[in-house]
Amino acid sequence: MEKVFVAQRVAKKLISTEHAVDGALAEAAELMSAMIAARKDVNASLVFADDVQVKLMDAMKALSEARTAMVGVHHELNEAKLRLGIRAKMGLEDKSIDVAEPVTMRQAV
């Protein structure tokens with residue numbers, strides 16, 4: 001099988017995995033919000049289920065670290081692609097803002 005097709009297969013799985021990690025992080029954040037709202041809805045004390053919130057924050061930290069690791073995997077696989085002599089874009093590159101370009105925030109009027 002040609003290298004470019006193998007690389008494309010891996011790139012698709014990479015992007016899928018990156019999206020899954022981001023999705024899990026977003027779901028965990030929504031769970032945190034729902035837990036806080038539920039505590040308020042039942043008029044429970046701030047200390048109620050605090051240990052659960054701490055565990056969820058630990059899980060979110062782990063997901064954040066997994067996301068950072070996936071960014072590293074992405075960069076390493078891009079380097080491996082170049083070492084294999086594959087120069088073509090896979091069509092899966094991230095289309096978001098380039099972090100090398102400075103971004104300025106507009107002040108609200």
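Modeller: Happy to. Keep in mind that this is a predicted model. Let's begin just after H2, where Gly 85 has a positive phi of about 85°.

Biologist: Which residues other than glycine have a positive phi?

Modeller: Asn 43 is one of them, with a phi of about 60°, and Ala 49 has a positive phi near 60° too.

Biologist: Where do Asn 43 and Ala 49 sit?

Modeller: Asn 43 belongs to the loop between H1 and H2, and Ala 49 is found in the loop between H1 and H2 as well.

Biologist: And how accessible are they, Asn 43 and Ala 49?

Modeller: Asn 43 counts as exposed because its relative accessibility is 72%, above the 50% cut-off. Ala 49 has 32% relative accessibility, so it counts as partly exposed.

Biologist: Let's zoom out. How many helices and strands does the protein have?

Modeller: Two helices and zero strands. Helix H1 covers 3-41, and helix H2 takes in residues 50-83.

Biologist: What span should H2 have, and what does the model give?

Modeller: H2 has 34 residues, so at 1.5 Å a residue it should span 50 Å. The C-alpha atoms at its ends are 50 Å apart, which agrees with that expectation.

Biologist: Which residues of H2 are buried?

Modeller: Leu 56, Met 60, Met 70 and Lys 81 are buried in H2. What covers the buried residues of this helix includes helix H1.

Biologist: What share of the protein counts as buried?

Modeller: Of its 109 residues, 15% count as buried. The accessible surface comes to about 8,900 Å², and 61% of that belongs to carbon and sulfur atoms.

Biologist: Which residues make the nonpolar surface patch?

Modeller: Val 10, Val 73 and Leu 77 make a nonpolar patch of about 200 Å². Val 10 has its place in helix H1, and it counts as partly exposed because its relative accessibility is 38%.

Biologist: Switching to charges, how many salt bridges are there?

Modeller: The count comes to two salt bridges. In one of them, Asp 22 pairs with Arg 67, and the closest N and O atoms are 2.6 Å apart. Asp 22 lies in helix H1 and Arg 67 in helix H2, so this pair ties together parts that are 45 residues apart in sequence.

Biologist: Are Asp 22 and Arg 67 buried or exposed, or in between?

Modeller: In between. Asp 22 is partly exposed, with a relative accessible area of 35%, and Arg 67 is partly exposed at 39% relative accessibility.

Biologist: What about the salt bridge of Glu 65?

Modeller: The side chain of Glu 65 meets that of Lys 61, at 2.7 Å from N to O. Glu 65 and Lys 61 are four residues apart in helix H2, so about one helical turn separates them.

Biologist: Why does a spacing of three or four places matter in an α-helix?

Modeller: An α-helix has 3.6 residues a turn, so residues three or four places apart point the same way. As for accessibility, Glu 65 counts as partly exposed at 45%, whereas Lys 61 is exposed, with a relative accessible area of 52%.

Biologist: Last one: what share of the contacts with a separation of 6 or more comes from residues 24 or more positions apart?

Modeller: Residues 24 or more positions apart account for 76% of those contacts in the protein.

Terms used. Residues numbered from 1 in each chain as written. Predicted model: local features only at pLDDT ≥ 70, side-chain atom pairs only at ≥ 80, totals over all residues. Heavy atoms only, no water. Expected span 1.5 Å × (residues − 1). Buried < 20%, exposed > 50% of the residue type's maximum accessible area, 1.4 Å probe, protein only. Contact = heavy atoms within 4.5 Å. Areas by Shrake-Rupley, 256 points an atom, 1.4 Å probe, with all protein chains shown as cover. Patch = residues over 30% accessible without salt bridge, like charges linked within 9 Å, V, L, I, M, F, W, Y side chains within 5 Å. Salt bridge = Lys/Arg side-chain N within 4 Å of Asp/Glu carboxyl O.
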